[in-house]
Structures are given as C-alpha cells and as structure tokens.
Amino acid sequence: MIHVVDAINRHKYGDMIERSYRIRHEIFVDERKWQNLDRGNGIEQDSYDTADTVYFLAIENGRIAGGHRLFPTTRSHMLSEVFPHLAAERGIPQGPDIMEWSRFFVVKEFRGGRVNMELMAALQEYGLRNGLQAVSAVFETWWLPRFHEAGFRVQPLGLPDEVDGAMTMAGLIEIAPQALRKVRTVGGLTGPVLAPLDGRDRSTREPVQHSEGLHL
Amino acid sequence: MPREAVAAEVLRSIEDLESTTDTDTIMNGVVQFAERYGATYFIFTRIPNKYQNFRDMIYAKRWSDPWYDFYTRHRLIDSDPVAEHCFKTNDPFFWSDCPIPRGRSRTVMTSARDYGLKEGWSVPLHGFDGTGCASFAGASLSLTGEARRGLHLLTMYAAERLRVVDETRKAQSVQLTDREKDVLLLTAWGKTVLEVGEILGLTPRTIGHHIRTAAEKLGANTKAQAVVMAMQRRCIYP
C-alpha cells in the first residue's frame, strides 16, 4: 500500500517523512554515491522538500519500503534550477497540471518485487485522481526501458548527458489510464495501490473524467 | 552537422518511431543516423540465458553474415565479453573499453576484428525480465558528443519499438491459457506431474492434458521442449 503524505496529513504520519530522509541518505548518498547530496548529517533533504511536496511512501508492516515525491513545476524546481540543459531541445514543461517526479527509491530488501511496481502504479493513480497531465523527471537513462515496459509514455526533453558519471536525461511522463492499466498488468496488481487519503481527494475533488472511464 | 541540428533530428526521429510498427522502418531510422558516424553493422537483441537460443533472441539485425554464422556456430555468445559487460553496466560503452578476461573471450574480440568489426559500441538495455543489447560496429566509428548522446537516446526508443513489435507478434502467434502457463511454470521449477497436480488441485491426467495442448500450440515435441519454448517466447517467467 502506498501512502500519500503532504502538508495537510503529515501530522498523522509521525516522523515518517524524517525517517524517509534518512533512508534517502542511505540509498542516494551511501549506496549510489550522489556525493553532492551529502550534508554530513545522515539526512538527505533538499530545497524541494517543502510544504508543497507530495510524498509517496510504501509502508510495509510499519516500515518504509520505498518512496518518491512530486513537486510543483510552477515553482523553481530541479529541472529548471539544476538541469535546464537536459531540456535544451523541448524546454521546461511547467503548469498546474504538471509536477516534477523525483527521488524514487526502494529499500534493498524490498527490491525486485511488488513494491517497485506499486510505487510506479501510485504515480499514475495519483496523477489520474488529481488531474495531472504529466510529470517531468530527471533520471538516469537506463530507467527508460523500465518505464517503457511499465507502459509509461516518455517524451524526451533533450539529449541525455553525463551527470556524476551516469548518462542522465529529462523526460515528460504522460499520466494516462492506459499507463495505469499496463503498469497494473505488468506488476500483477489487481487494484488501487493508494491508501485512502482521509477522503480528501475523493470527497472534495471531482474525480477526473477520462474518456476510457478507468475505474480507480 | 551543428549540435542543435543533431539533437533536433534525433528527437524528430523518436517522434516518428511512435507510429512505426514495422521492423525495417524502425531499423532504417537508426541505421541512417549511425551510418554517418562509421557504423556498418547493427544488431538489437536480448541476451540469452543458458536455456535460450541466441537466434530466437534477436529483434533485428544488419550484421555481418559471415561473422554471424561463425559466432552462432561456435556459440560465442557464451563467452562474448560485450554481452557479459552489458549485465554489469548501465551506460553505453565502446568495445575497446570493455573488460576482456583472458582465454576464449579474447578470441571472440580478435575474431570479430578479423571479420571487419574492428570498432564497436554497445548500448545495454535493462528491462524487468532480462538484459538486452544494441550494438553498432564497423571499420572505424567516430561517435562523439551529440552524435553519441543522440544515438544513445534514439537506440533506446528504437529498442522499445522493436520490443513492442516482437511482443505483439508473439502474443498473436501463441496464446497459452493461464492453466497451461501454471503447469509449464511449475514444471520449469522441477515439479513432477504428480506434484503439479497436487499444487493446482488437479488430477495428473488433467495436468498431462494441459501439457499436451500447450506443447501443441508451441510446436514442441516433448514436455522439456515445451517448457523451453514457453520461456523463449516469454509465456512463462520461471
């Protein structure tokens, strides 16, 4: 089950977000050696961890198994501030219905299984529920076949380039019912993966109407 | 060609790929681009495991025929350092930068040179259920800067189109029922007919029936062959 945590319901999750910063440090700094994220305090937190950030946490028996986050593209975000050269060709997508997707991680003992697919499905499920058209993302180019196989349509925003020794690209990932259906099939998921969000997105927002009428 | 023009061309080619469902057309786009940088040979393939036949794993190729014959006859895929390196790395690499262990692997590379594949560049492709590789080779490659980065991206998208075309073709050719897949999967795990029957709550007779119908669809003569062919066609993932 994937939990969506934002400024409004964060108090219900205790210190989960702080714990996720520590796990991110273990994964992105210690394991993947993204040294420029290292602040020497065992916590990986940057300027895109704010009250506007929407966190996705895979919680298994009270433990964080993985996660990722979304940040508004209407603000200065990672692609616009740090990697604009990766979007040199198509420009930086910005708008209220586009968010930036980042910090995808799965804790070691949960890798190669359901958590990974649930986290990917959660992106599409949340996006469809909340009227997102697409998410932009900066990712290592080797992710591309995995996105493709999961049914995600990814428009490249420019050519890949080397970032910290790894070929990295920027892409715009479409939010679409077909993508949710495919990622569920590939991941062997039989239904929604998002935990109920205090009834908020269901009662106060109209569900997004898509032509294919996917039942979420 | 100016760098902006290269990038624009690559992104346009990627857009064109989306509506393409024909292997030759997909290949033409990549070939036309890569030829300008010295590549004369092209191959898009998945890397076989020990149960799989290399010939069945290839999505598309315009490869040196003599080299391909030599390579497949001697099963060089098993000791090809380029194939081996694809498992260990995420980013494209020149063959000259590929770690080459002593012995047979070294022979593979010197033989390739003898057949005219003097320089090569490979893009590893890591999917959910296996690793693939797109290789470009020729007498001399001049892949730098935008050309290399552009070919990298174009290759990833072309590989995806080829995979989808392949998947569609295979889905059309063989349709196993869920029960048939269950039986073949458990068989692949070494279960006997009796055990498979116990697990699925079916009689050995019914299990035998499922194996026979699956084998018939796959064109297999024996149970073992049916399991192998179902794996090759990616009907089951043991």
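**Entry 1: a word to start with**

I call a residue partly exposed when its relative accessible area falls between the 20% limit for buried and the 50% limit for exposed. B:Thr110 has a relative accessible area of 32%, so I put it down as partly exposed. One thing to keep in mind as I go: this is a predicted model.

I looked up where B:Thr110 sits, and found it in helix α6 of chain B. Its side chain reaches back to the backbone oxygen of B:Thr107, at 3.0 Å. I also checked B:Thr110 against B:His74, which is 36 residues away along the chain. The C-alpha atoms of B:Thr110 and B:His74 are separated by 15 Å.

**Entry 2: chain B as a whole**

I counted eleven helices and five strands in chain B. Its C-alpha trace spans about 70 × 45 × 30 Å along the principal axes. Chain B has 238 residues, and 50% of them count as buried.

I then asked how far apart in sequence the contacting residues are. Taking the contacts in chain B with a separation of 6 or more, I found that 63% join residues 24 or more positions apart.

**Entry 3: a buried alanine**

Is B:Ala230 buried or exposed? With a relative accessible area of 0%, B:Ala230 is under the 20% limit and so counts as buried. I located B:Ala230 in helix α11 of chain B, which covers residues 223–232.

Which residues does B:Ala230 touch, not counting those up to four places away in sequence? I noted B:Leu176, B:Leu184, B:Leu218, B:Cys235 and B:Ile236. I also looked at B:Val174, 56 residues from B:Ala230 along the chain. The C-alpha atoms of B:Ala230 and B:Val174 are separated by 9.2 Å.

**Entry 4: where the two chains meet**

Now for chain A and its partner. I found 28 residues from chain A and 25 residues from chain B in the contact. Together the two chains bury about 2300 Å² between them, and 62% of that is on carbon and sulfur atoms. In chain A, the residues that lose the most area to chain B are A:Trp142, A:Glu149 and A:Leu159. Those three together make up 29% of what that side buries.

How many salt bridges cross the interface of chain A and chain B? The rule finds four. I looked at one of them, in which B:Glu18 pairs with A:Arg153. The closest N and O atoms of B:Glu18 and A:Arg153 are 2.2 Å apart. I also noted six residue pairs in polar contact across the interface of chain A and chain B.

Then I sorted the chain A side by element. Those that give two or more residues to the side touching chain B are α3 (114–129), α4 (144–149), β6 (154–156), β8 (166–174) and α5 (177–187) of chain A. The largest share, five residues, comes from α4(A). By class, I listed 15 nonpolar, six polar and seven charged residues on the side of chain A that touches chain B.

**Entry 5: a glutamate that touches both chains**

I picked B:Glu146 next, which is found in helix α7 (residues 145–173) of chain B. B:Glu146 is buried, because its relative accessible area of 18% is under the 20% limit. Its side chain makes a polar contact with the side chain of B:Arg149, at 3.1 Å. Leaving aside neighbours within four places in sequence, I found B:Glu146 in contact with A:Leu159, B:Arg3, B:Val6 and B:Leu151.

**Entry 6: aromatic rings**

I finished with the rings, and a search of the whole structure gave 25 aromatic pairs over all chains. The rings of A:Trp101 and A:Phe104 have their centres 5.8 Å apart and their planes at 90°, so I noted the pair as edge-to-face. A:Trp101 and A:Phe104 are both buried.

For B:Phe70 and B:Tyr115, I noted a tilted pair, with 5.3 Å centre to centre and 35° between the planes. B:Phe70 lies in helix α4 (residues 65–73) of chain B, and B:Tyr115 in the loop between α6 (104–114) and β4 (119–127), so the pair ties together parts that are 45 residues apart in sequence. B:Phe70 is partly exposed at 21% relative accessible area, and B:Tyr115 is partly exposed at 31%.

Which aromatic residues form a cluster with A:Trp101? I listed A:Phe104, A:Phe139, A:Trp142, A:Trp143, A:Phe147 and A:Phe152. A:Trp142 was already in my notes, as one of the chain A residues that lose the most area to chain B.

Technical notes: Residues are numbered from 1 along each chain as its sequence is written. Chains are lettered from A and ligands numbered from 1 in the order in which they are written. This is a predicted model: local features need pLDDT of at least 70, side-chain atom pairs count only at pLDDT 80 or more; totals for chains, interfaces and linings use all residues. Side-chain values use heavy atoms; hydrogens and water are left out. Contact means heavy atoms within 4.5 Å. Buried area is the accessible area (1.4 Å probe) that two parts lose on being put together, summed over both. A salt bridge is a side-chain nitrogen of Lys or Arg within 4 Å of a carboxyl oxygen of Asp or Glu. A polar contact is a pair of N or O atoms within 3.5 Å; within protein, one must be able to donate a hydrogen and the other to accept it, and residues adjacent in sequence count only if both atoms are side-chain atoms. Helices (H or I, at least four residues) and strands (E, at least two) are DSSP runs, numbered from the N terminus. Ala, Val, Leu, Ile, Met, Phe, Trp, Tyr, Cys and Pro count as nonpolar, Asp, Glu, Lys and Arg as charged, and the others, Gly among them, as polar. Rings of Phe, Tyr and Trp (its six-membered ring) pair if their centres lie within 6.5 Å; planes under 30 degrees apart count as stacked, over 60 as edge-to-face and the rest as tilted. Buried means under 20% relative accessible area, exposed over 50%, partly exposed in between (1.4 Å probe, protein chains only).
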